[in-house]
Amino acid sequence: SKKISRFKGAGDLVYYVTGGFNIWQHEYGQNQIGLLGETAVYSSITTSDVSWLTGNPSQDALQGVNRRMHLARVEPDFIQGGTMTLNILGRPFARGTVENNGPFPFDPDTGKIDLRVEHREVRLQFNSNTLGGNYEMGRIMITAELGDQRP
């Protein structure tokens with residue numbers, strides 16, 4: 001077999017093989033590489049449940065406050081390439097149907113995302129589906145207030 005440079009373009013052969021199968025380079029870097037070019041690779045992360053029932057967002061201790069959580073603001077803290085989106089996944093009860101509020105897009109220059117979302121249990125989902133997208137999460141800050149009483 002004759003070795004070809006591994007930094008070829010999308011769909012280029014990596015090795016020529018006599019009497020066998022060719023080896024293709026499908027992915028390199030942060031994008032999916034196919035015969036027609038590069039496409040973004042979708043990725044997401046989701047936090048665990050946040051609620052007033054199991055403590056406040058900064059500690060895990062029973063508070064005894066049976067109220068909904070009103071999210072007023074999320075301050076994303078990412079080292080990121082490309083635009084990302086935030087979805088607020090909320091439930092009225094532990095076994096309730098998940099409601100998706102979003103998407104709320106943000107880029108590396110976004111300092112805050114103002115919201116008016118209220119649920120009893122809340123999860124934050126961050127998504128990336130941008131060509132060349134990449135991210136590292138830091139400390140996410142939320143502004144939360146006591147919402148209405150339990151439904």
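# Close-up views of an all-strand predicted model

**View 1. The whole chain.** Of the protein's 151 residues, 29% count as buried. Buried means under 20% relative accessible area, exposed means over 50%, and partly exposed lies in between (1.4 Å probe, protein chains only). This is a predicted model: local features need pLDDT of at least 70, side-chain atom pairs count only at pLDDT 80 or more, and totals for chains, interfaces and linings use all residues. Residues are numbered from 1 along each chain as its sequence is written, and side-chain values use heavy atoms, with hydrogens and water left out. The secondary structure comes to zero helices and 15 strands. Helices (H or I, at least four residues) and strands (E, at least two) are DSSP runs, numbered from the N terminus. Contact means heavy atoms within 4.5 Å. Among contacts with a separation of 6 or more, 65% join residues 24 or more positions apart.

**View 2. An open sheet of four strands.** The strand order is S7-S13-S10-S11, and the pairing is antiparallel. Two strands pair if DSSP finds at least two bridges between them. S7 (43-46) and S11 are the edge strands, each pairing on one side only. Neighbouring strands of this sheet are turned by 20° against each other on average, direction ignored. Axes here are lines fitted to C-alpha atoms, for helices over the stretch in contact, and angles run from 0 to 180 degrees between N-to-C directions. Four antiparallel bridges join S7 to S13 (residues 121-128). Ser44 stands opposite Asn127 in S13.

**View 3. Phe78 and Phe106.** The structure holds four aromatic pairs. Rings of Phe, Tyr and Trp (its six-membered ring) pair if their centres lie within 6.5 Å; planes under 30 degrees apart count as stacked, over 60 as edge-to-face and the rest as tilted. Phe78 and Phe106 make a tilted pair, 5.8 Å centre to centre with 35° between the planes. Phe78 lies in S9 (residues 78-81) and Phe106 in S11 (residues 99-106), so the pair ties together parts 28 residues apart in sequence. Phe78 is buried, at 12% relative accessibility. Phe106 is buried too, at 2%. Ring pairs link Phe78, Phe106, Phe126 and Tyr135 into a cluster.

**View 4. Arg91 and Asp49.** The count comes to six salt bridges. A salt bridge is a side-chain nitrogen of Lys or Arg within 4 Å of a carboxyl oxygen of Asp or Glu. Arg91 forms one with Asp49, with the closest N and O atoms 2.8 Å apart. Arg91 lies in S10 (residues 84-91) and Asp49 in the loop between S7 and S8 (67-75), so the pair ties together parts 42 residues apart in sequence. Arg91 is buried at 16% relative accessibility, whereas Asp49 is partly exposed at 36%.

**View 5. Asp114 and its partners.** Asp114 forms a salt bridge with Arg73, the closest N and O atoms being 2.8 Å apart. This pair links distant parts of the chain: Asp114 sits in S12 (residues 113-119) and Arg73 in S8, 41 residues apart. Asp114 also forms a salt bridge with Lys112, at 2.9 Å between the closest N and O atoms. Asp114 is partly exposed at 44% relative accessibility. Arg73 is partly exposed at 29%, and Lys112 is partly exposed at 43%.

**View 6. Around Glu145.** Glu145 lies in S15 (residues 141-149). At 42% relative accessibility, Glu145 is partly exposed. Leaving aside neighbours within four places in sequence, Glu145 is in contact with Trp52, Arg68, Met69 and His70. Glu145 and Leu71 are 74 residues apart in sequence and 6.6 Å apart in space, C-alpha to C-alpha.
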